[in-house]
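Visitor: I would like to know what stands behind the terms used for this model. Please set each value against its definition.

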Amino acid sequence: MGHTANPAAANHLTVARNTRSEGVPGALIVATIAILVVMVSLPRFRAHVLDANRDDARLALGLLSDRIFAPEWQAGLEGGPAPDDLHAVISGDARLDHRFPDARSLEVPGGLHDVLLHHGYLFDTGHVVVNGTRVPALVAWPEVYGRSGDLAYARTGDGALYAHGNEGLWSGVAGALMDADLADEGWQRVSPPREAPAGSSAR
C-alpha cells in the first residue's frame, strides 16, 4: 500500500524554506546598514574627541601656567624653566588636584624628567623662542597625533598662547616640543599676553 502525501506538512516545509531563503538577505541588509552607520559615525566621533581634547588642552595650559608662572614660583628661577615635575605641582595644589584627577606622569626615554599626560595631550615645561629671545614656556602636544589630538601649543610666561597645525611634527613622548621658534611658519598667536597690573610699568 503506497504512502499518501500530507498536504499540510508539504505546505509547512515550503513556508519554512521560503522563510529561511528570505531571512538571509534580510540579515545581510541589517548587517550592511550597521556597517554603514559605524563608518559614518566613527569620523564624527573622532572629530568630537579631537575637538574636546583640543579645548581641554588649552584650558589645562591656562590653569597650569597661571600656577607655575605666578611670581612666587618664578622668584629664584632666574629666567630658567618652570618646575620640571608638573604632576608634583598639581598634587601640591588642591584646586589643580581636583581639576586633574586622572593626569599622570609618563617617562621620557633618555629624558631628564617625566612629562604630564592629560586627556590625550602631553605637557611639559621648557623654553621657546619669541622674537629671537629664549623664554620659559609651558608646551602641549598630542600623545598620538591624529588620534588623541592634533594641534601643538605653547604658552609663555606672559600669558600669550600660540598654536601650530603640527602635522605630526610633535607626537608622543619621543616627539617632545622643545625650543621651538614661534616665528617659524605654522605658529600663530591665538590669545594675547595678559594685561600688566596697573602701576607695574617702569617709571
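Visitor: What makes β5 and β6 a pair, and in which sense do they run?

Guide: β5 and β6 are joined by 4 bridges in the antiparallel sense. Two strands pair if DSSP finds at least two bridges between them. The count of 4 meets that rule, so β5 and β6 are called paired. Within this pairing, Arg-155 stands opposite Leu-161 in β6.

Visitor: What kind of model is this, and how are residues and atoms counted?

Guide: The model is predicted: local features need pLDDT of at least 70, side-chain atom pairs count only at pLDDT 80 or more, and totals for chains, interfaces and linings use all residues. Residues are numbered from 1 along each chain as its sequence is written, and side-chain values use heavy atoms, with hydrogens and water left out.

Visitor: What lies between β5 and β6 in their hairpin?

Guide: The hairpin has 4 residues between the strands. Gly-159 takes a positive phi there, near 95°.

Visitor: How many helices and strands are there, and what makes a run count as one?

Guide: The protein has 4 helices and 7 strands. Both are DSSP runs, numbered from the N terminus: helices are H or I with at least four residues, strands are E with at least two. Along the sequence the pattern reads α-α-α-α-β-β-β-β-β-β-β.

Visitor: Why is β5 described as largely enclosed?

Guide: Buried means under 20% relative accessible area, exposed over 50%, and partly exposed in between, with a 1.4 Å probe and protein chains only. In β5 (residues 152–156), 5 of the 5 residues are buried, so the rest of the structure largely encloses this strand. Both faces are covered. Ala-152, Ala-154 and Thr-156 are buried on one side, Tyr-153 and Arg-155 on the other. β4 and β5 also pair in the antiparallel sense, over 4 bridges. There, Ala-140 has Tyr-153 as its bridge partner in β5.

Visitor: Why is Tyr-162 called buried?

Guide: Tyr-162 is found in strand β6. Its relative accessibility is 11%. That value falls under the 20% limit, so Tyr-162 counts as buried.

Visitor: What does Tyr-162 touch beyond its sequence neighbours?

Guide: Contact means heavy atoms within 4.5 Å. Leaving aside neighbours within four places in sequence, the contacts of Tyr-162 include Val-130, Tyr-153, Leu-182, Trp-187 and Val-190. Pro-192 is 30 residues from Tyr-162 in sequence, and their C-alpha atoms are 8.9 Å apart.

Visitor: How do you know that Asn-53 is buried, and where does its side chain reach?

Guide: Asn-53 has a relative accessible area of 14%, under the 20% limit, so it is buried. Its place is in helix α1. Its side chain reaches the backbone oxygen of Ser-148 at 2.7 Å. A polar contact is a pair of N or O atoms within 3.5 Å; within protein, one must be able to donate a hydrogen and the other to accept it, and residues adjacent in sequence count only if both atoms are side-chain atoms. Asn-53 is also in contact with His-119, Gly-120 and Tyr-121, neighbours within four places in sequence left aside.

Visitor: What makes a group of residues a nonpolar core, and which residues have the most contacts inside the largest one?

Guide: A nonpolar core is a set of buried Ala, Val, Leu, Ile, Met, Phe, Trp, Tyr and Cys residues joined through side-chain atoms within 4.5 Å. The largest has 21 residues, and Leu-64, Phe-100, Phe-123 and Tyr-153 have the most contacts inside it. α1 gives the most to this core, with 6 residues. Leu-64 touches Phe-100 and Phe-123, among others outside four places in sequence. A second, separate core has 19 residues, including Val-128, Val-139, Ala-154 and Trp-170.
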